[in-house]
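Please open the structure in a viewer and keep the selection tool at hand. The stops below are meant to be taken in order.

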Amino acid sequence: MSIGNCTRAASRTAIIIAYFLVYVVWGSTYFFIGVALEGLPPFLLGAFRFTVAGLILLAVCRLRGERVWRTGLVRRSAVSGLVLLFVDMAVIMLAQRYVSSSLVAIVASSTAVWIMLLDVPAWRQTFSNPVAVAGILMGFGGVALLYVEQLGSGGSAVHHERGVLLLVAGCVSWALGTLYTKYRSCGTEAVGGFAGSAWQMLSASAAFWVCALLGGDAEQTDLGEVPRRAWAALLYLVTCGSILAYTAYVWLLKVRPATEVATHAYVNPVVAVAIGAGVGGEHVTMVQLCGLAVILLSVMLVSRRR
């Protein structure tokens, strides 16, 4: 089943608003994740974020009259939630222990290339276009450029290398989750509303809670010592990052082609780098900027195939 089979009529205004949320608001979450991690460990942060966001969204869906207790919807959403949210968000938060939010966003910009590469049903169209093939190769070159820089970064090279490898794994997981959502969640269970997004968040939160409890995050964290700055960042991630931006992303996958929606991957880094450097005072190297430019150019080349 292609995305075209489940595309529904959507107003131009709604699509513009959704893309603003996915492009700009989502791009800002890289910085706020870093702020929240100043007081909360990664797995506990994920548990709080997606539990609160999922419950709020599920309650809103119920009040709107949606059928939220559907077996097929819950099952498919659980798979998407674990692959899209749990794995990718856990990787991003763990990686930000080793690298800056700017570098996290730059590496994450390769997600669009991974989506093109892993979208098997579209391979004939993708690989029949030499420009698209060149774009994919260029995208990997951009990621490799960042990886090589981390190998030569001195005493912290091992930590930086680990962070980049984690991020690449997260990009692959996000691409797989996006394609699963594209091809497997367009049936009756997925039509009409955001209950699926709520269940995705709750399934991810369950996995985060398990990791937080088994890993000792919950036991070792004194919530009374968490700074207000971190709580404020968590509130932003719950409301703007999850309830608004993520649901906009899932909705766009239903009404627009996945390759078009994937273009958020080359807008988010620009926003993240601007906020990280301007507000967070993060240092962005020339190599990182060159890697970003190569990745962005590669994604634009690949997306032009449409």
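This is a predicted model: local features need pLDDT of at least 70, side-chain atom pairs count only at pLDDT 80 or more; totals for chains, interfaces and linings use all residues.

Residues are numbered from 1 along each chain as its sequence is written, and side-chain values use heavy atoms, with hydrogens and water left out.

**The nonpolar core**

Begin by selecting Phe 208, Tyr 246, Tyr 249 and Leu 252, the residues with the most contacts inside the largest nonpolar core, which has 69 residues. A nonpolar core is a set of buried Ala, Val, Leu, Ile, Met, Phe, Trp, Tyr and Cys residues joined through side-chain atoms within 4.5 Å; buried means under 20% relative accessible area, exposed over 50%, and partly exposed in between (1.4 Å probe, protein chains only). Next, select helix H11 (228–255), which gives the most to this core, with 16 residues. Helices are DSSP runs (H or I, at least four residues), numbered from the N terminus.

Now centre the view on Leu 252. Apart from neighbours within four places in sequence, Leu 252 is in contact (heavy atoms within 4.5 Å) with Ile 15, Ala 18, Tyr 19, Val 22 and Val 261.

**The largest pocket**

Move on to the largest pocket, with a volume of about 250 Å³. A pocket is an open set of points on a 1 Å grid over the protein atoms alone, where a 1.4 Å probe fits, with protein on both sides within 12 Å along at least five of seven lines; lining residues have an atom within 4 Å of a point. The volume is the space filled by probe spheres set on the points, which are joined across faces, edges and corners.

Select Phe 194, Ile 243, Leu 244, Thr 247 and Ala 248, which are the closest to the pocket centre of the 16 lining residues. H11 supplies the largest share of the lining, five residues.

**The salt bridges**

How many salt bridges are there? The count is two, a salt bridge being a side-chain nitrogen of Lys or Arg within 4 Å of a carboxyl oxygen of Asp or Glu.

Select Glu 38 and Arg 229, whose side chains meet in a salt bridge (3.0 Å, N to O). Glu 38 lies in the loop between H1 and H2 and Arg 229 in helix H11, so the pair ties together parts 191 residues apart in sequence.

Finish at Arg 64 and Glu 66, where the closest N and O atoms of the salt bridge are 2.6 Å apart. Arg 64 is exposed, at 55% relative accessibility, whereas Glu 66 is buried, at 9%.

Key: Helices (H or I, at least four residues) and strands (E, at least two) are DSSP runs, numbered from the N terminus.
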